[in-house]
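Please read the following account alongside the sequence and the coordinates.

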Amino acid sequence: MSHPGIFSIRTCVLVSIFSFGNLFLQTSFADDWNQYRGPRGDGVATEELEIANGKPSMSNAWKVPAAKGFSSFSISDGRAFTLVTMKDSSGNPQETCIALDIADGKSLWSQPLTAIKYDGGGDSGTQDNKGGDGPRSTPATDGDRVYVYDSRLGLHCLDAATGKPVWKQDIAKQFSGRNIHWNNATSPVLQGDRVIVAGGGAGETFLAFNKSSGELVWKSGDEKFTHATPVVANINGTEQVVFYMQSGLIGINVADGTELWRAAVDYRTSSAAS
């Protein structure tokens, strides 16, 4: 979806397939897929597939043109949310959150978030090698609200039915944010009544906000982040969120933001490197 392409719905299981301007969204209509890699963060859908001739039975329900972007989808209450590039009234490109009707692909609303400027992104290549730019983060939703972490470290809460802003936290300005080369690609993580992100400065790298009010619940850490979205896990009976930072893997207590453990990993040799 790095170039204008197509959104396509197929019935069965939720996956996103990117290939030179085409994005295909395959989904069943049974369970919500409320955030990046699904409700458990493991990328696994639990629906039973209908098998025909040894293969999953899938068919297109609808397709619509897609604007530029690399975001995946979150789906809840008959709406599919994602980020794309759209132009404002002056023709300037902006990261924009959109909602589509899962039944027919019709646009329900669009909400601009921030002006687009990617440091060293796909459009910064040579004239014969421009890979295309666009939002990389995926929205999260609890059905009533949509949470978006834009490329400039703005954390937005939008009304799921209308797209109208509810609250915003500017991580760059309010929490001494330290962005990454190509800018933020991580997605917000929902856990209980909290929305969790990374990207702040010294003493406030890891951040948890009340998802209803936007008030800060806790902050901790002094790390530089990568493009990897955190994952919530229960390890040895303790609920924690695991961040892949430039120093390695770090387990943070969901309850209070304290560090539980860390494991050194050379991020420069991984796909999450900046």
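The model is a predicted one, in which local features need pLDDT of at least 70 and side-chain atom pairs count only at pLDDT 80 or more, while totals for chains, interfaces and linings use all residues. Residues are numbered from 1 along each chain as its sequence is written, and side-chain values use heavy atoms, with hydrogens and water left out.

The chain contains 1 helix and 22 strands; helices (H or I, at least four residues) and strands (E, at least two) are DSSP runs, numbered from the N terminus. Of its 274 residues, 49% count as buried. Buried stands for under 20% relative accessible area, exposed for over 50%, and partly exposed for values in between, with a 1.4 Å probe and protein chains only.

E19 and strand E20 (residues 238-245) run antiparallel and are joined by 5 bridges. Asn234 stands opposite Glu239 in E20. In the loop between E19 and E20 lies Asn236, which has a positive phi of about 55° although it is not a glycine. Asn236 has a relative accessible area of 79%, so it is exposed.

A nonpolar core is a set of buried Ala, Val, Leu, Ile, Met, Phe, Trp, Tyr and Cys residues joined through side-chain atoms within 4.5 Å. The largest one has 29 residues, and Phe206, Phe209 and Phe243 have the most contacts inside it. At least two residues of this core come from each of strand E12 (145-149), strand E13 (154-159), strand E15 (189-191), strand E16 (194-198), strand E17 (206-210), E20 and strand E21 (248-253). In soluble globular proteins, nonpolar side chains tend to be buried together. Not counting residues up to four places away in sequence, Phe206 touches a set of residues including Val197, Trp218, Phe243, Met245, Ile250 and Ile252. Lys219, Ser220 and Glu223 are also among the residues that Phe206 touches.

Which aromatic rings pair? A search of the whole structure finds 5 aromatic pairs. Rings of Phe, Tyr and Trp (its six-membered ring) pair if their centres lie within 6.5 Å; planes under 30 degrees apart count as stacked, over 60 as edge-to-face and the rest as tilted. Phe81 and Trp109 make a tilted pair, because their ring centres are 5.9 Å apart and their planes are at 35°. Phe81 belongs to strand E8 (residues 79-87) and Trp109 to strand E10 (residues 107-115), so this pair ties together parts that are 28 residues apart in sequence. Both Phe81 and Trp109 are buried. The rings of Tyr147 and Trp167 also form a tilted pair, since their centres are 6.2 Å apart and their planes are at 50°. With Tyr147 in strand E12 and Trp167 in strand E14 (residues 165-170), the pair ties together parts 20 residues apart in sequence. Tyr147 is buried at a relative accessible area of 1%, and Trp167 counts as buried at 10%. Thr229 is found in the loop between strand E18 (216-220) and E19, and counts as buried at 17% relative accessibility. The side chain of Thr229 reaches the backbone nitrogen of Ser187 at 3.0 Å. Leaving aside neighbours within four places in sequence, Thr229 is in contact with Tyr36, Ala185, Thr186, Ser187 and Val189.

Asp77 is in the loop between E7 and E8. Its phi is near 55°, a positive value in a residue other than glycine, and at 56% relative accessibility Asp77 counts as exposed.

Conventions
Pairing = 2+ DSSP bridges. Contact = heavy atoms within 4.5 Å. Polar contact = N/O pair within 3.5 Å; in protein donor to acceptor, adjacent residues only side chain to side chain.
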